[in-house]
Amino acid sequence: MFRFHSRCLPLNYLHDKQCIMCNNDMSKDPYGHLFFNCIKTKEFIKIHKLKRFLFDSTGSNKNWSYKRFDNNNKLVNQITPIIPENKMKDHQINADYALDQFHKPFFEWNYKAINYDLNRSFAYRNLIALIFHHIWIWICNQLYSQEKEDTSTLDYELILKKWHKSARLEFIKKIKTFKLDNSKQPHLINTPNTINNITIIRNEIIKDYCIPKTILPKRVIIDKFI
């Protein structure tokens with residue numbers, strides 16, 4: 001995911017040069033620098049706000065533990081993934097995970113850590129992809145646009161709206177598939193058994209996307225789905 005977004009940036013001419021945005025050296029890893037180490041990018045993302053957003057939007061206490069602690073008179077947000085008993089532990093997924101130079105037990109903003117974290121949940125994998133996409137758009141604007149956007153921070157409300165829209169589209173897609181699968185038996189449409197199946201689909205999406213029940217429609221009329 002990070003490789004896809006970063007390699008979409010034509011940065012070959014930036015090797016062995018200073019970062020255009022923060023003037024720091026980016027010769028060793030221009031792609032990693034722009035996404036994870038650039039001071040301007042970090043200010044745009046607001047890492048602690050990102051942690052809270054991920055915690056709230058990808059399962060809260062079901063998938064993460066959250067705490068705030070004092071770090072040199074500054075309150076710091078820390079989220080730590082909760083791994084169920086039946087899931088593989090981090091060191092089983094990747095031997096480098098336990099090494100401090102690669103990752104800590106809690107969420108960090110670097111590409112190795114995020115790569116390891118992708119096994120967490122469906123919600124995390126897909127929401128972090130949306131976040132990367134918005135960061136990528138902002139970086140492109142800062143590097144290549146003559147009229148730079150006057151955007152001081154990542155729009156988490158917009159990302160959340162897109163996340164909810166994705167859930168609704170997934171719901172519609174599955175209802176259409178369900179109708180198609182039962183098209184040869186139209187007399188079964190809108191029966192109690194059908195309503196029960198739709199409820200199952202609805203609950204699965206709510207669970208996978210970690211969204212409130214109110215995001216999806218309560219009542220579905222199958223005949224209206226093309």
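How many helices and strands are there in the chain? There are 9 helices and 2 strands. The model is a predicted one. Colour the chain by secondary structure and read along the sequence: the pattern is α-α-α-α-β-β-α-α-α-α-α. The chain has 226 residues, of which 39% are buried. Among contacts between residues at least 6 apart in sequence, 58% join residues at least 24 apart.

**Stop 1: the core**

Select Leu54, Phe107, Trp109 and Ile131. These are the residues with the most contacts inside the largest nonpolar core, which has 47 residues. Helix 2 (30-37), helix 3 (39-45), helix 4 (47-57), helix 7 (122-144), helix 8 and helix 9 each supply at least two residues of this core. Which helix gives the most to this core? Helix 7 does, with 11 residues.

Beyond its neighbours within four places in sequence, Ile131 is in contact with Leu50, Phe53, Leu54, Leu154 and Ile159.

**Stop 2: helix 4 and what follows**

Select helix 4. Its buried residues are Ile47, Leu50, Lys51, Phe53, Leu54, Phe55 and Ser57. The elements that cover these buried residues include helix 3, strand 1 (64-70), strand 2 (75-81), helix 7, helix 8 and helix 9.

Just after helix 4, Gly59 has a positive phi of about 115°. Ser60 lies in the loop between helix 4 and strand 1. The phi of Ser60 is also positive, near 45°, in a residue other than glycine. Is Ser60 buried or partly exposed? Its relative accessibility is 23%, so Ser60 counts as partly exposed.

**Stop 3: Ile45**

Select Ile45, which is in helix 3. Ile45 counts as buried because its relative accessibility is 0%. Leaving out residues up to four places away in sequence, Ile45 touches Phe35, Leu50, Trp109, Ile135, Leu154 and Tyr156.

**Stop 4: Gln78**

Go to strand 2 and select Gln78. Gln78 has 13% relative accessibility and therefore counts as buried. Apart from residues up to four places away in sequence, it touches Ser65, Tyr66, Lys67, Phe69 and Phe106.

**Stop 5: helix 8 against helix 9**

Helix 8 passes helix 9 in a right-handed crossing.

Then show the side chains where the two helices meet. From helix 8 come Trp163, Ser166, Ala167, Glu170, Phe171, Lys174, Ile175 and Phe178. Facing them from helix 9 are Thr194, Asn197, Ile198, Ile201, Arg202, Glu204, Ile205 and Tyr209. The residues of this contact divide into 9 nonpolar, 3 polar and 4 charged.

Note on methods: Residues numbered from 1 in each chain as written. Predicted model: local features only at pLDDT ≥ 70, side-chain atom pairs only at ≥ 80, totals over all residues. Heavy atoms only, no water. Left-handed = near helix turned anticlockwise from the far one by under 90°. Helix = DSSP H or I, 4+ residues; strand = E, 2+ residues; numbered from the N terminus. Contact = heavy atoms within 4.5 Å. Nonpolar A, V, L, I, M, F, W, Y, C, P; charged D, E, K, R; others polar. Core = buried A, V, L, I, M, F, W, Y, C linked by side-chain atoms within 4.5 Å. Buried < 20%, exposed > 50% of the residue type's maximum accessible area, 1.4 Å probe, protein only.
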